[in-house]
Amino acid sequence: MTRLLLFLAAASAVAQTPPAALVSGSWINENGEHPGITQLVVRQDQGRILVHAWGSCTPLDCDWGEAAGDIWNGSLSVNFDHGFAMERLQLVPLPGERLIAVTSVEYRDGSGRTNNSTAEFYTREKAAAEGAEALKARALLTQVADAYRNLPAARLEFTQVRTRSGEKTEIRSEVQTTLLFSPPNRWRRESAPGGELRVEIADGHTDWTVFPKANEYQKTPEGAATRPFEFHRIDQVRGTPEILRQEKLADVDCTVVHVPLGRTTTEDVWVDDATHLVRRSVMQSPNSREEVTYTSIQLGVTIPPEALAYDPEAVHAVNGRSSMQHPETMIGRTAPDVTLRDLDGHEVNLRDLRGKVVLLDFWATWCGPCRESMPVIELLHRSAPADKLAVFGVDDEAPEVTSGFLKKFGYTVPSLVDGVHAATRAFLINAYPTTVLIDRDGRVTFYKPGAEAEAIRDALRAAGVW
């Protein structure tokens, strides 16, 4: 943190209280492989300086939206309220059309995560002139965004089909969802990914995720831009949009617009010519495709107040993250007691493995980094003493898909089926691959997404495997 403050002070000296023109424009992160924030767009509007940010996510960057900034101590300062965290950026222009962004994160979800600061460098992106057709497409997207920004109370039903491609494999999932929306930011979304009912409720103050069958819930403070859809920001896309054609979709006249979303991801949207609401969207990236079809859109409906509220005490629900709210806090704690089945249908219970060190590799066949790390996991499985170490993959795909992949490449490491994400939720997995190490007493001693081979070996040595 001290080094960041010193660097920021030095950068501020380069550009004392910069005029807005120095920071206005589009800025691309110079770290193309592992960026934190991939792009920043700074613009002026009626005397205000607005900053739009996109955080690195997969397959689509997370759109943080726009926030107003202030000139402070020779730099532009802006806050992004995500609800669970407050992200503060200080932007300082550097010579040579470059920019430094110092980011400070303050976590407010009670997870125990450590607040941190980072610094990243950006290069100004040269804006390309857009023709009349692109401007026409942008005008239509503005109408779409306005329709969602001013959406009345509504009930929407839609089907989401996701396809993920791996090494000669293709995983397809289909989820039916019902969404109730009450302006400006209260909503309820019900779906059953993996077969287990999941209810998400935003009550205007708190975001709740409820699993009725398990009678568990999770909650975070509601962010400033909490919405159940992203179409209210579709006019702020980074690429040049294009109108493709007119098409009738279920007797509804639509205009199909191609929307570049950045970092090799695109989206085609079918815009209802009468309401400017999206009737269908298809998002594609190199290894995935997501198609959403809205089968019912009812506007001006009456929504019962109880549908947009949740009281865990009334149903005696358990906070699913009360004891281990974030991966960083799991180290040193007793591992969750999870029972899964292997590819042959046999049950494996983590508690029954006490006395051995257990290595869990959360992975998927479609995940490139997972495939790259698989030889290391296989080698550990084959070389470590069986009475000291038990190695398991944990995959949420169909058993035949996982089994086919392992057989094709000759892997013998056993993999457990996490079809309803019981282990993924219990271990708070949010990235693939993630390696978790549990010692002989059942305590988590190592937890790291994308862990390097040497780091895993060091952790195993520390656990007494070798």
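Arg48 is partly exposed, at 43% relative accessibility. Its salt-bridge partner is Asp45. This is a predicted model. Across the model, the count of salt bridges comes to 27.

**Asp45 and Arg48**
- The side chains of Asp45 and Arg48 meet at 3.4 Å, N to O.
- Asp45 has a relative accessible area of 25%. That value falls between the 20% and 50% cut-offs, so Asp45 counts as partly exposed.
- Arg48, at 43%, also falls between those cut-offs and therefore counts as partly exposed.

**Arg189 and Glu200**
- Arg189 and Glu200 form a salt bridge, with 3.0 Å between the closest N and O atoms.
- Arg189 sits in strand 11, which covers residues 186-191. Glu200 sits in strand 12, residues 198-202.

**Asp441 and Arg443**
- A salt bridge links Asp441 to Arg443. Their closest N and O atoms are 3.6 Å apart.
- Asp441 is exposed because its relative accessible area, 51%, is over the 50% cut-off.
- Arg443 is partly exposed, at 36% relative accessibility.

- Asp63, Glu230 and Arg233 belong to one network. Salt bridges with shared partners join these residues.

Methods:
Residues numbered from 1 in each chain as written. Predicted model: local features only at pLDDT ≥ 70, side-chain atom pairs only at ≥ 80, totals over all residues. Heavy atoms only, no water. Salt bridge = Lys/Arg side-chain N within 4 Å of Asp/Glu carboxyl O. Buried < 20%, exposed > 50% of the residue type's maximum accessible area, 1.4 Å probe, protein only. Helix = DSSP H or I, 4+ residues; strand = E, 2+ residues; numbered from the N terminus.
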